[in-house]
Amino acid sequence: MSSPLQAFTNGIYKENPTFRLLLGMCPTMAASIAVSNGIGMGLAATFVLIGSNLIISLLRSVIPSEIRIPCYVVVIATFVTIVDLVMNAFLPQLHAVLGVFVPLIVVNCIILARAEAFASKNRPVSSIMDGLGMGLGFTLALAVLSAIREPLATGVIMAAADLGFNGIRLFPQRYAMAIVNQPVGGFITLGLAIGAVNLITAKKKKRSSDGAQGGAGK
Amino acid sequence: MKQLLVIMFSQALINNYMLSRILGTCPFIGVSQQFETATGMSLAVVFVMTMASVITWLVQHFILNPLGMAYLQTVSFILVIAALVQLIEMVIKKNSPGLYRALGIYLPLITTNCAVLGVAIINISSNYNLIESAVSGAAGGLGWGLAIMLFAAIRERQRLAPISEAMQGFPIALVTTGLLAMAFLGFSGFDVARFIGL
């Protein structure tokens with residue numbers, strides 16, 4: 001059992017779903033072509049995570065363990081349908097760009113993984129905080145990746161069609177590399193980003209173990 | 001007939017589910033360590049994607065549309081696919097133990113393959129009829145299978161290469177997939193309809 005605050009901070013860095021747990025790769029690469037898409041997808045998944053974690057945590061003593069996966073899937077699909085309809089009504093251009101990936105939030109493994117690993121074993125408040133932390137960790141990862149890809153591909157950052165905002169131009173269009181917006185750019189950017197996070201973590205671990213050898217105990 | 005050929009090329013190569021639509025990454029990276037397991041997984045995916053395309057088309061056109069409940073698409077499709085995978089597993093286990101030994105361990109993994117739900121939704125939103133949906137599902141599965149088999153063959157070679165510690169495993173797999181996707185970009189300019197004279 002972890003405290004609500006621990007559950008919240010866990011998802012941001014230590015168990016960041018994208019960089020550390022390596023979950024939910026498809027939407028990560030598909031949605032990180034622009035900062036507004038990345039944040040939109042991240043917040044949609046956050047809403048679904050919080051809702052499904054709450055309901056599954058409340059029902060954890062009612063759901064029989066043999067059929068728990070179908071039960072979780074129904075709860076998750078319900079919240080995904082809510083997001084799908086709301087996004088279609090209020091952010092139609094974002095909905096059009098994300099396309100098939102909005103209904104596909106239902107098979108985003110982050111959500112089922114948190115239902116199984118956390119919400120089915122913890123109290124509602126902790127589960128909400130875990131959903132919020134994991135969701136924001138996912139959103140943060142998407143924002144970082146799309147902040148790398150969007151300017152490289154278009155020369156513009158933070159363009160948001162639904163809000164009528166054209167973005168900030170960093171360099172002229174003719175120097176932009178359109179291939180970064182293709183799946184190719186998604187795979188390579190994510191691969192290098194995970195490599196960079198691994199490198200930082202390894203350096204940190206090395207430093208702390210060096211420190212520990214000089215100091216006392218672990 | 002020519003229309004079916006266009007759908008086949010488009011689903012298998014031009015809009016390859018893995019390398020161009022980015023669907024089904026988890027099993028793509030997870031089950032591509034060896035060529036044989038990748039082949040088994042591909043067969044299972046082709047089978048399930050074809051079946052799922054047919055069944056979800058029937059659900060959409062004979063249950064959801066007449067009742068005016070198209071907004072329940074996501075909920076009903078994922079349940080139908082989960083049940084279908086379970087059913088296929090039971091039928092194969094009973095009727096053909098050989099096939100079960102080959103595909104058995106991959107089948108449960110397929111429910112989480114987003115290419116399966118993806119093909120169901122894409123078929124409906126492209127307004128395909130029943131035959132077109134079946135062809136689209138089979139071709140999509142074959143395209144995904146082609147990608148994972150190519151990738152597994154590359155990974156078997158890669159095991160001998162000296163790769164820096166931080167990039168080992170998942171990161172280098174993603175970068176390799178990126179290069180494979182770049183090769184498949186070559187198909188994107190291919191106008192099938194004009195090529196076969198439609």
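Trainee: In chain B, where is confidence lowest, and where is it highest?

Mentor: Start with the score: pLDDT is the predictor's confidence in each residue, from 0 to 100. In chain B, helix α6 (residues 107-110) has the lowest confidence, at a mean of 76. The highest is in α8(B), at 95. Helices here are DSSP runs of H or I with at least four residues, and strands are runs of E with at least two, numbered from the N terminus. This is a predicted model, in which local features need pLDDT of at least 70, side-chain atom pairs count only at pLDDT 80 or more, and totals for chains, interfaces and linings use all residues. Residues are numbered from 1 along each chain as its sequence is written, chains are lettered from A and ligands numbered from 1 in the order in which they are written, and side-chain values use heavy atoms, with hydrogens and water left out.

Trainee: What is the mean pLDDT of chain A, and which stretch has a pLDDT below 50?

Mentor: Chain A has a mean of 88, and 95% of its residues reach 70 or more. Its helix α1 (residues 4-12) is lowest, at a mean of 84, while helix α3 (residues 35-58) is highest, at 95. The stretch below 50 is residues 214-218 of chain A. Beyond near neighbours in sequence, this stretch has two contacts in the model, a contact being heavy atoms within 4.5 Å. Where pLDDT is low, the predicted coordinates should not be read in detail.

Trainee: How many helices and strands does chain A have?

Mentor: Chain A has eight helices and two strands. From the N terminus on, the order is α-α-α-α-α-α-α-β-β-α.

Trainee: What does α8 of chain B reach from its first C-alpha to its last?

Mentor: The expected span of a helix is 1.5 Å times one less than its number of residues. Helix α8 (residues 130-158) of chain B has 29 residues and reaches 42 Å, close to the 42 Å expected. B:N129 caps the N-terminal end of α8(B). There, a side-chain oxygen lies 3.2 Å from the backbone nitrogen of B:I131.

Trainee: Which residue forms a salt bridge with A:E15?

Mentor: Side chains of opposite charge can pair when their charged atoms come close. The rule asks for a side-chain nitrogen of Lys or Arg within 4 Å of a carboxyl oxygen of Asp or Glu. A:R114 is the partner of A:E15, with the closest N and O atoms 3.9 Å apart. This pair links distant parts of the chain, 99 residues apart. A:R114 sits in helix α6 (residues 109-119) of chain A, and A:E15 in the loop between α1 and α2 (25-31). Over all chains, the count comes to three salt bridges.

Trainee: How many salt bridges cross the interface of chain B and chain A?

Mentor: The rule finds zero there. The contact takes 33 residues from chain B and 34 residues from chain A. The predictor gives the complex an ipTM of 0.87 and a pTM of 0.88.

How values were computed
A polar contact is a pair of N or O atoms within 3.5 Å; within protein, one must be able to donate a hydrogen and the other to accept it, and residues adjacent in sequence count only if both atoms are side-chain atoms.
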